[in-house]
Amino acid sequence: MELALKCHQDLVMLCFAINLKEDKMTALVVKTFKAAEGKFDALGDFFKAVLGDTRAFDGCIKVDVYIDESAVSYTLIEEWETFSAHDSYVIWRTTQGDLDETGKLLDGGLDNGLVVYEWGTKTEL
């Protein structure tokens, strides 16, 4: 299991390094939000209220949302023009106070209720 995790981490870092060398790339960011007890619907309402701004943010290509009611979680699959565009978005959300609001709806807050994966360059194979 540790070897698989290490290989996964190495692959992510390799993809990130390749991204830095590419002139044109897209960045894939996957976020899973686990709702706190009794907060699943409120978390969904929060996403309904804010995802329009996310999709309109400079550099956002698209955001797809998947729900898993049995795991009380939402997974957002986000495609960005660059990781830098996504970083700018996260900074903006932070200054808006939205991350604080999100944390209140998550099981264990942002530290335990949110998992983020950043994947590498989209390719046309």
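Predicted model: local features only at pLDDT ≥ 70, side-chain atom pairs only at ≥ 80, totals over all residues.
Q: What makes Val50 the place where α2 is said to bend?
A: α2 bends by about 40° at Val50, the bend being the angle between axes fitted to the seven residues ending there and the seven starting there.

Residues are numbered from 1 along each chain as its sequence is written, and side-chain values use heavy atoms, without hydrogens and water.

Q: How do you know what span is expected of α2?
A: The expected span is 1.5 Å times one less than the number of residues. With 17 residues, α2 reaches 25 Å from its first C-alpha to its last, close to the expected 24 Å.

Q: Why is Thr26 called buried?
A: Buried means under 20% relative accessible area, exposed over 50%, and partly exposed in between, with a 1.4 Å probe and protein chains only. Thr26 has 17% relative accessibility and therefore counts as buried. Thr26 lies in the loop between α1 (2-21) and β1.

Q: Which residues does Thr26 contact, leaving aside its neighbours within four places in sequence?
A: Contact means heavy atoms within 4.5 Å. Thr26 is in contact with Ile61, Glu79, Trp80, Glu81, Gly120, Thr121 and Lys122.

Q: Which residues of α2 are buried?
A: They are Phe40, Leu43, Gly44, Phe46, Phe47, Val50, Leu51 and Thr54.

Notes. Helix = DSSP H or I, 4+ residues; strand = E, 2+ residues; numbered from the N terminus.
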